[in-house]
Amino acid sequence: MKIRRKKKVVFRVIGNHLIGLGHVYRSLSIARELNNYDIFFISDISNKNLLNNLVKPIYPVLFFSKDKIINEIIKMKPNLLINDILATKKNDVLPIKKQNINVINFEDLGVGSKYANLTINEIYDKPKNRNRNTYWGSKYFFLRDEFIRKKKINFRKNIREILITFGGTDQYNLSLRCYKILKSICKINNIKIHIVIGPGNKYFNLIYKKVFNDNNVEVHYSTGIMSKIMSKCDVAISSNGRTVFELAHMNVPSIIISQHKRELTHSFSNKKNGFIPLGLYNPKTIEKLISRNFNKLINNYEYRFDLYHNMKKFNFLSNKQNVINIIRQYIN
């Protein structure tokens, strides 16, 4: 009797304190939809600590030095390699393709994106190159499962609750910096503060210590609860990654701070989409910018309603299945 083996999909991912964990979360979200295939994750050793905590309890994850990863992937003989490692190089893709292994890249402006079977750049609404193998724009952004059944917020004339979140790692400890800037304003206006801290945030103990005696704030240290918290909040302050799309879907007007130059290239977070972009994080100007814009959101509800209304056009619920259908084509 001939035994049919499951087809194999390998995710090569990156996740560390500098880059954050958005790439890992996206790959995990895709992997859950491919449960009829054998799934493996692979990464270089420098990402081991964070990825062990996030991936290992769910899928096998292997770590190698950067110079060995490509050969190890070839040895695994997958039907599809999904790269979610930012800017790929030619040598990250071509040796794999030469072994008749299909390659899909996510969020990739590197030279290697040109050689993949397909590159999906959902973060960038405007094409950054002329590669014919690339899909661009937010119509390819998909939500995490926790958002599927969550109701979008209703507009309230007065702000009652605010969300502060800066991704899985928050390299500049902006969560605490924003809290310090806003705590007195929020107490005066009876606004509750929610701080969501990711699993790679090394400042957790410091944040918890600083807010411990403040009964006006809740610190959340968990995954799978972001949608629940967003559904309570009237406004948010966030970094400029995948979270902005979730905020847009939930219709939460937000102040956005780019943590590094790569985030600054993400143009979705603009006023016509319901956001107030403050540009690249600058410790010298951040307090004045946040205070001024947050006070405007509090005191001018018509301005805030316009931002809210600009988000009403967004609904990302159907995008995930469309992307999964595309991926399946390259496996089969």
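**A colleague's note on the cavity, the sheet and its helices**

1. Let's begin with the inside: the structure holds one cavity of 30 Å³ or more. Please keep in mind that this is a predicted model. The volume of the largest cavity comes to about 530 Å³.

2. Which residues lie nearest the centre of the largest cavity? They are Gly22, Tyr25, Gly167, Gly168 and Thr243, out of 36 residues that line the cavity. If you have the structure open, these five are a handy place to start looking.

3. Now for the elements behind that lining. Helix H1 (22-32), helix H8 (243-250) and helix H9 (261-264) are the elements that give two or more residues to the lining of the largest cavity. H1 provides the largest share, with four residues. By residue class, the lining of the largest cavity divides into 18 polar, ten nonpolar and eight charged residues.

4. On to the sheet. Seven strands form an open sheet with parallel pairing, and their order is E3-E2-E1-E4-E5-E6-E7. Strand E3 (61-64) and strand E7 (134-136) stand at the edges; each has a single partner strand, so one side of each is left without a neighbour in the sheet. On average, neighbouring strands of this sheet are turned by 20° against each other, direction ignored.

5. Strand E1 (residues 8-13) and strand E4 (residues 80-84) run parallel and are joined by five bridges. To find one of the partners in your viewer, take Phe11: its bridge partner in E4 is Ile82.

6. Two helices lie across strands named above. Helix H4 (residues 90-97) lies across E1, E4 and strand E5 (102-106), and H4 runs at about 155° to E5. Helix H12 (residues 319-331) lies across E1, E4, E5, strand E6 (118-121) and E7, and H12 likewise runs at about 155° to E5.

7. Finally, a helix pair worth a look. Helix H10 (residues 286-299) packs against helix H11 (residues 301-311) at an angle of about 95°, and their axes are 5 Å apart. H10 and H11 are therefore roughly perpendicular to each other.

8. What does H10 bring to its meeting with H11? Lys296, Leu297 and Asn299 in H10 meet Tyr301, Tyr303, Arg304 and Leu307 in H11. The residues of this contact divide into four nonpolar, one polar and two charged.

Notes
Residues numbered from 1 in each chain as written. Predicted model: local features only at pLDDT ≥ 70, side-chain atom pairs only at ≥ 80, totals over all residues. Heavy atoms only, no water. Pairing = 2+ DSSP bridges. Axes fitted to C-alpha atoms, helices over the stretch in contact; angles between N-to-C directions. Contact = heavy atoms within 4.5 Å. Parallel < 35°, antiparallel > 145°, perpendicular 65-115°, else oblique. Nonpolar A, V, L, I, M, F, W, Y, C, P; charged D, E, K, R; others polar. 1 Å grid on protein atoms, 1.4 Å probe; cavity = no way out; pocket = protein on both sides within 12 Å on 5 of 7 lines; lining within 4 Å. Points joined across faces, edges and corners; volume = space filled by probe spheres on them.
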